[in-house]
Amino acid sequence: MQGYGLRRRVLVTGGAGFLGSHLCERLLQDGHDVLCADNFFTGARDNILPLLSDPHFELMRHDITFPLYVEVDEIYNLACPASPIHYQFDPVQTTKTSVHGAINMLGLAKRVKAKILQASTSEVYGDPSEHPQTEQYWGNVNPIGPRSCYDEGKRCAETLFFDYWRQHQLRIKVARIFNTYGPRMHPNDGRVVSNFIVQALQGRPITIYGDGSQTRSFCYVSDMIEGLVRLMDTSDDFTGPMNLGNPQEFTIREIAERIVAIVGSRSVIDFRPLPMDDPRQRQPDIRLARERLGWQPAIRLEEGLKRTIAYFDELLRRGAPLTSA
Ligand code: NAD
Ligand code: UDP
Ligand code: UDP
């Protein structure tokens with residue numbers, strides 16, 4: 001059954017995480033009822049604390065590798081640890097979350113005829129041999145390496161989404177999310193932006209892995225959420241996959257230098273070994289998102305970094321236990 005009028009009942013799995021908490025907030029602002037399901041593996045109640053008093057928000061501790069029976073109109077499937085440290089902590093559980101989790105959420109979508117969006121990733125392109133990456137590129141992924149639990153899990157989830165679409169005519173949307181940053185990133189998840197900011201704020205050495213010439217393209221969180229909401233609202237015949245990310249590409253060394261400059265830190269650079277299978281280059285081709293959603297990132301790196309630095313500065317002042325490498 002559809003929700004009344006424009007108010008929709010929306011399930012956000014992984015809603016207590018970085019992206020999920022911003023998405024829940026946005027959906028409430030848009031006037032929807034939000035059910036957040038999270039097992040708190042990497043998410044935190046703190047991320048959604050201000051939402052708990054909203055009568056249109058409901059929080060449920062739930063692991064999506066187990067079935068879930070609820071009545072909703074839309075599902076955003078974001079549940080999955082996203083940083084290498086977290087997804088490699090229990091790699092079997094990571095694959096289960098992507099694969100069993102997708103089956104359960106697709107089964108749920110099928111039963112209640114809900115529209116469902118998958119938070120896929122640029123990691124489906126692996127260490128890309130095409131640059132920038134378009135949605136047509138099939139990727140270059142190691143099936144047996146330390147990143148495979150995440151990369152192949154997400155690839156299999158995409159397969160499941162498209163098979164439920166072909167076989168059961170589900171309304172699906174697949175977003176391939178590129179590196180995203182902003183307030184509420186997990187402070188200890190070892191990702192480059194949070195690591196460098198915490199190191200710079202604490203005046204500790206900035207740990208660059210390899211020589212820092214590898215590139216990434218960083219999207220600020222509010223831009224990403226706008227893209228996800230617009231993708232969900234596309235007509236039923238549109239499935240994606242669609243790249244969402246900021247095409248402005250930087251070397252890791254440039255990111256380090258910018259963060260040190262904004263913070264005004266005296267941190268020195270500490271070169272460390274490059275992790276195995278670390279992609280050399282990554283930049284989304286977002287022509288499809290521009291054409292189909294009229295979307296492109298609005299927040300420039302400098303501005304996004306300032307906002308993120310302010311968030312971590314506040315966390316540190318409150319004495320949060322930050323243990324970046
Ligand atoms: P996050 O770790 O902050 O959020 C993931 C959330 O999922 C957490 O709250 C965690 O507790 C929850 N979770 C994990 N396993 C679960 C399970 N089995 N059942 C229920 N909840 C579970 O990460 P994020 O950066 O917010 O990423 C959200 C989604 O976006 C993920 O699917 C991730 O793969 C995808 N993504 C993120 C980025 C990025 O740069 N942040 C890039 C590409 C894709
Ligand atoms: N499922 C769920 N909630 C529902 C419906 C299904 O979690 O409301 C799960 C259930 O565990 C099931 C899976 O989704 O195994 C796949 O459902 P589907 O109907 O596609 O397949 P089947 O029930 O035949 O396994
Ligand atoms: N990286 C780094 N120092 C750090 C953390 C990460 O040089 O303290 C590098 C990492 O090797 C990779 C890039 O920054 O080349 C982005 O890493 P992250 O884990 O944030 O994202 P992903 O590799 O999943 O894109």
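How far is an oxygen atom of ligand 3 from an N or O atom in the side chain of R147? The separation is 3.1 Å, which falls under the definition of a polar contact (a pair of N or O atoms within 3.5 Å; within protein, one must be able to donate a hydrogen and the other to accept it, and residues adjacent in sequence count only if both atoms are side-chain atoms). The model is predicted, so local features need pLDDT of at least 70 and side-chain atom pairs count only at pLDDT 80 or more, while totals for chains, interfaces and linings use all residues. Residues are numbered from 1 along each chain as its sequence is written, chains are lettered from A and ligands numbered from 1 in the order in which they are written, and side-chain values use heavy atoms, with hydrogens and water left out.

A polar side-chain atom of N179 is 3.0 Å from one of its oxygen atoms, and a polar backbone atom of T207 is 2.6 Å from a nitrogen atom of the ligand. On its own ligand 3 exposes 520 Å², of which the protein buries 97%; accessible areas come from the Shrake-Rupley method with a 1.4 Å probe, and for residues only the protein chains shown count as cover. Helix 6 (192-201) and strand 8 (206-209) are the elements that give two or more residues to the shell. Helices (H or I, at least four residues) and strands (E, at least two) are DSSP runs, numbered from the N terminus. In total 18 residues surround ligand 3, where a residue is near a molecule or strand if one of its heavy atoms lies within 4 Å of it. The closest include T207 and R216.

Ligand 1 is surrounded by 30 residues, the closest being L19, D38, T42, Y150 and K154. One of its nitrogen atoms is 2.9 Å from an N or O atom in the side chain of D63. Backbone atoms also take part: a polar one of L78 is 2.8 Å from an oxygen atom of ligand 1, and an N or O atom of T180 is 2.9 Å from an oxygen atom of ligand 1. Ligand 1 taken alone exposes 810 Å², and 97% of that is buried by the protein. Strand 5 gives the most to this shell, three residues.

Around ligand 2, the shell includes P67, Y69, N104 and Y164. Helix 4 supplies the largest share, six residues. A polar side-chain atom of R111 is 2.6 Å from an oxygen atom of ligand 2, and a polar backbone atom of L68 is 2.7 Å from a nitrogen atom of the ligand. The protein covers 66% of the 500 Å² of accessible area that ligand 2 has on its own.

The protein interior can be described by its nonpolar cores (sets of buried Ala, Val, Leu, Ile, Met, Phe, Trp, Tyr and Cys residues joined through side-chain atoms within 4.5 Å). Buried means under 20% relative accessible area, exposed over 50%, and partly exposed in between, with a 1.4 Å probe and protein chains only. The largest core has 60 residues, and Y76, F196, L228 and L244 have the most contacts inside it. Helix 7 (residues 221-232) gives the most to this core, with seven residues. A second, separate core has 26 residues, including V99 and I172.

T239 lies in the loop between helix 7 and strand 11 (242-244). T239 counts as buried because its relative accessibility is 7%.
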